[in-house]
Amino acid sequence: MGKELLPVGFVTSMNEILGDASCDFWDSYDSPRTHGLRLNRLKAVHAADSVKKLIRDFRLTPVSWCDTGYYYDESVRPGKHPYHAAGLYYIQEPSAMSAVELLNPQPGETILDLAAAPGGKTSHIASKMMGRGLLVSNEIHPERACILAENVERMGITNTVVTSAAPDQLSSRFVACFDRIMLDAPCSGEGMFRKDAAAIAEWSPEHVDLCVARQWDIVQEAYRMLKPGGTLAYSTCTFNTAENEEMIERILSQYPELELQQMKRLWPHLERGEGHFVAILVKTPAAEAYSDDQETFTNSGKAQAKSNRGGKQAPALSALADFQDWAKQDLPGFELGGGTPILFGEELYWLPVSESVPWHDKQLKGLKMPRAGLHLAHLKKNRIEPAHALAMSLNPGQAARSWDLPSDSAETAAYLRGEVISIPSEYRGWTLVTTDGLPLGWGKASGGQLKNHLPKGLRNPK
């Protein structure tokens, strides 16, 4: 793609920013776009052989700024492989992996991904948290929030709550709650031009101005939700200075309590990637803290918000007891982390909690949550039916019964199409179906057959 196909205003702007280096930048548009995937530590830790097989078969090469990131050739189709369905990796543009690496999330922290769909940075953060702590992953658009929730499920993430709210709706509930905030700001997408013609068609100077105004609105809400001593990562996949360096200057001017720790650009003519901007800002510990009527939790696994005690919580506690009775037999190696049960109709979830996010009435009321933590089970009359999300969070050693299929086998393809598969007759009951040790979903064994319980929306076409 030559620069003659790009918006004139964009070309002028980049020539001004890059000067003599602009020729190399424009030459990069004639090079093939880069493709990348990032391993999911939550799955990889139990599947070393599968990781080796993936790297060998896909001829992966490392991304220098992300120790779980790899480049793949465009002839490879990782989205079609059973390992993708099993959540072993997330397909992600390599430059975008830089933002979470610089944010540096830690296990046990309370973290917010403020503009999270489709889930690349959320899954990256969760992979680093290793199931410990609380991650709130937000997407304002309901349809995109559903895609985000599906990716959280596929990646086997247990400590993430997916919300669908405007930033100001969140900041009224979560003042000074988060140790780290990832703000991958909605931007003009100049770094998408090489792979997305629609991004070119949308670009205009007016669109850039609109993005700047929207980013500033979101930044103000993010600041309000950041704890004293907390870290904010601001990132974009665009190149102009108005949405990047000038935005950071404005933030520092408005909020002297924030200190710029690091600012990084990845350029497509200098690195193997489409380009990204990341700035890391730290809120000084001396910044005014916020306190309200939030109750401090002890993450014992039975901690309850004050509003959830008594009669309102009784149905959820009863459902949890039924689930735990089932799990004693069918999931002897499974343990719940810190959290509280919550019911949505006949759906039982385990809502993760933290000391700064105890989920009291003020936080829960009116908040749309496409995924309220880990989906445990569907409550059927007189029985428990385990949820697909639960299966995706497991490893074979946690299940009383598991049935492993080679990733290149006809049986794996049949299972992913939703078909019944054969199984030894001694297997009876709920069985975790895996491929090369990675979870694919549930089956229910009886009479030498495994009835397929892969959700219909996830099945491959026949």
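Biologist: How many residues line the largest pocket, and which lie nearest its centre?

Modeller: First, how to read it: this is a predicted model, where local features need pLDDT of at least 70 and side-chain atom pairs count only at pLDDT 80 or more, while totals for chains, interfaces and linings use all residues. Numbering runs from 1 along each chain as its sequence is written, and side-chain values use heavy atoms, with hydrogens and water left out. A pocket is an open set of points on a 1 Å grid over the protein atoms alone where a 1.4 Å probe fits, with protein on both sides within 12 Å along at least five of seven lines; lining residues have an atom within 4 Å of a point. Here the lining holds 47 residues, and A117, P118, R144, D184 and C237 lie nearest the centre.

Biologist: Which helices and strands each supply at least two residues of that lining?

Modeller: Those are strand 4 (89–91), helix 7 (120–129), helix 10 (197–202) and helix 11 (205–225). Both kinds of element are DSSP runs numbered from the N terminus (helices H or I, at least four residues; strands E, at least two). The second largest pocket has 34 lining residues, with M130, G131, R132, T158 and E335 closest to its centre. Helix 3 (41–44), strand 13 (347–352) and strand 20 (438–446) each give that pocket at least two lining residues.

Biologist: How many aromatic pairs are there?

Modeller: There are 22. A ring pair is described by the distance of the centres and the angle of the planes. Rings of Phe, Tyr and Trp (its six-membered ring) pair with centres within 6.5 Å; under 30 degrees is stacked, over 60 edge-to-face, the rest tilted. F239 and W267 are stacked because their centres are 5.4 Å apart and their planes at 20°. F239 sits in the loop between strand 9 (226–236) and helix 12 (245–254), and W267 in the loop between strand 10 (258–266) and strand 11 (276–283), so the pair ties together parts 28 residues apart in sequence. Ring pairs also link both of them into a cluster with F10, F25, W26, Y29, F193 and W203.

Biologist: Are F239 and W267 buried or exposed?

Modeller: F239 is buried at 2% relative accessible area, and W267 is buried at 11%. (Buried is under 20%, exposed over 50%, partly exposed in between, with a 1.4 Å probe and protein chains only.)

Biologist: Which charged end sits over the ring of Y71?

Modeller: The test wants NZ of Lys or CZ of Arg within 6 Å of the ring centre and within 35 degrees of the ring normal. R272 is placed over Y71, 3.8 Å from the ring centre. K283 lies over the face of Y223, 4.1 Å from the ring centre.
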